[in-house]
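Biologist: Please take me through this model slowly, beginning with a single residue and its contacts.

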Amino acid sequence: MAASMASAGGGRRSALDEFKRAFTGLRRGETIAGYLFLAPNFIGFIIFLLFPICFAFLIMLTDWSLAKPPQFVGLENFETMVNDRLFWKSLGNSFYYTFVAVPTGIFIAFWLALALNRKMRGIIFFRTIYFLPQITLTVAAATIWRWIYQPEIGMINHMLDWFGIDGPKWIHDTQWAMPSVIIMSNWQGIGFAMLILLAGLQGIPEEYYEAASIDGASGWQRMRYVTLPMLTPALFFVVVTSLIGAFQSFDQFFVLTQGGPAHATTPLTLYIFQNAFTFFKMGYGAALASVVFVIILIITIVQWRLARRWVIGFEDNDD
Amino acid sequence: MANAIKLKDSFFGQKQVKLLTDLLVYVVLSIVGVIFIMPFAWMVANSFKDLRGIYKFPPEFIPETWHFENYTEAWTATHFDIGFLNSALVAAAVVLGQLITASLAGYSFARLRYPGRDKIFLLYISLMMVPFTVLLIPLYIQMRAFGWVSTLQAVIVPFLFTPWGTFMMRQFMVTIPRELEDAARIDGCGFFRTYWLIILPLTKPALATLAIFTFVNTWNSYQWPLIVLAKPKVKTLPLLLASFQNQSAMRTPWHLIMAASTFVVVPVLIAFVVGQKYYVRGIVTTGIKGGG
C-alpha cells in the first residue's frame, strides 16, 4: 500500500497541471468516473466525520447549553477539569476497567485458542458457543447479567451457596461493582480475541514444530520458542484493538450499573454522556471527549513503539 | 525398573497421550462452554416462569409450569412491535447504504486513476481510528440543526458511509485480476457497467462480510440511538429493552424482561449462525469487532 501511494504521488509536476491533464483526452472519462463513484461516500465522509471532528475542537472552547448561544471561554473547560474530582475518578475507573479487563480477557482467550487449535472433532461447535456472547447486543447481555448478579435471587450467589460461600452484593457493592462489569465484559468480548489468536495459531507453519521436535524441544519449549514468538503479531493486534475498544466501552456500564454505586463504575465515556446529555454542558463534554481521544492516541503510539521490542517481524509488515 | 519403563511406554504411547490430552481438552472446553451458554439458558428458562417462580428460593432451573403467555405479555407491555419495525428499517437502510457507498468508493480507490485519489484515501485511513466518543457531541448538535432529533434519519443517514467498510472494499478489489476488467472495457463496457457486471459479482464475499457486520452493529447499537431518539415512536429495540427494565414496579418483572431479551437477541443469533463464515472471515481479515 505504501508503495503504491509513493509511486502515485511521485513526480514533481504541479498539482494544477496534473489536474488539467486528468480532464483532457483519454483520461477524462476515468477521472470523471472516479470522482462520481467516490462522491456519495466522500460527501458523507465530510459531513458526518471530517466536519464533526473539526467542530468538536471548537465546541470544547465554549460554554454551551444549547438553550443559549455558545459563549467562547477559551481553555476554561480544561481548568474546570483539572479541579473536577469526578473527572479524575472516572478517568481512574476507565483505566481500572481497561487495564484489568484487557489482560485477563486476552489471557483466557489465549488458552481457549490453544485448545481450539488442536485437531479434534467439534471444534467449530465450541468456537460458535464462545463467540455467541460477542454478537449478542450488550444491552440484552447486561440485562441478563444484572439479574444473574442479584444478591438474593441471582444465579451466581445461588451457586456460590452450594459451596457454602456467602457471595458479595456484586453490582450493588462499591468494591465488587467494577469486577462485576469486567466479568460480564470478558464473557461477552473474549470471542473476538480468541478468534484472532486462533487465526494466528493456524498461520504458524507445521514445519516449525517438526523442526523443533527433531531438535528435541519439549512441549513447553515448543510453546516458548515457536508458538509464542510466531503469535506476537496476532497478540499485538488483539492488545491494541482491545485497549482502544475497552476505553470506549459505554453500554455495559449504562445498563448494568448506571455508573454506580457511588460512581464506582462511572468511566470517562459515561461521565461525558452525563455532562453532555443530562446536564447539557456541551463544551465541557467535548473537552472531556478530547481526553479520550488523546489517551487512545497515546495508547496506540506507545503500543506501536513497544511493538519493535516484542513483535516478531514488526518492521516488515507495517501495513 | 526396566520393566516398569517398558510398561509405561506401552501404556502411554504417543497415541494414548494424544487421546488423553484430547479428552482433557474436551472436558475443559465443555466446562467453559457451559459457562458461556449458561446466561442464555438462564434467560430462556426464566422467560417461561411466572413471577412467583422467579422469586422462588432456592431457584429452580426448569420452570414448574411453562408460561408461554409471558411472550405475548412482554410484547404488548411496551411498543416492541414498533421497535422491531424501527430496528429492521434502520438496519436494512444502513446495510444497503453502506454496501452501495462503500463498494462504489472502493472501486474508485482501487481501480480508477485521478488526481488526489491517494491523498483522500490516506485521509480516510487516518480518520478511521477516531473514537466515536469524540463525535457524539458535535454530531448531536448537527442533528439538532438539521431538525433530525427523534427521527429515524438521525440513526440512518450519518451511518450510510463507512470509512472502514470502504477501506475493506478497496483492499479486496485491489486483489481482483485486472485482465477481467480490461476485457470488459475492450468490449465497450463503461465504468459503471464494468463495476456492476464484473467487479460487484467478484466482490460478493467482501460484500457479505460488510453486510453481516453492519447488520449486527446496527441492530445492537445503543449509545447513539439513546442520545438522538427520545420519542417512543422512533425507539429501536435496545432502547425499549433497556427502558423496559427500568420501569419501576414493586417487584421487577424479570420473567417478562427475560422474554423480551429473548426475542430481541434471537434475530442476531440467527444472522450470525447463517452468516458465520463471512463474519468470522471479516474479523480475521480486517479485525474490526462488532458490538458497541
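Biologist: Which residues does B:Ile137 touch, not counting residues up to four places away in sequence?

Modeller: This is a predicted model, in which local features need pLDDT of at least 70, side-chain atom pairs count only at pLDDT 80 or more, and totals for chains, interfaces and linings use all residues. Residues are numbered from 1 along each chain as its sequence is written, while chains are lettered from A and ligands numbered from 1 in the order in which they are written. Two residues are in contact if their C-beta atoms, placed from the backbone, lie within 7 Å. On that basis B:Ile137 touches A:Ala56, A:Ile59, A:Ala276, A:Met282, A:Gly285, A:Ala286 and A:Ala289.

Biologist: Which helix gives the most to the side of chain A that touches chain B?

Modeller: The contact takes 75 residues from chain A and 74 residues from chain B. Helices are DSSP runs (H or I, at least four residues), numbered from the N terminus. On the side of chain A, the largest share, 20 residues, comes from helix H3 (residues 27-59).

Biologist: Where in H3(A) does the kink lie?

Modeller: The bend at a residue is the angle between axes fitted to the seven residues ending there and the seven starting there. In H3(A) there is a kink of about 50 degrees, shortly before the proline A:Pro40, and it lies at A:Ala39.

Biologist: Why does A:Ala262 count as exposed?

Modeller: A:Ala262 is placed in the loop between H12 and H13 of chain A, and its phi is near 50 degrees, a positive value in a residue other than glycine. A:His263, found in that loop too, is partly exposed because 16 other C-beta atoms lie within 10 Å. A:Ala262 counts as exposed because, inside 10 Å, its C-beta neighbours number 10.

Key:
Helices (H or I, at least four residues) and strands (E, at least two) are DSSP runs, numbered from the N terminus. A residue is buried if 20 or more other C-beta atoms lie within 10 Å of its own, exposed if 12 or fewer, and partly exposed in between; C-beta atoms are placed from the backbone.
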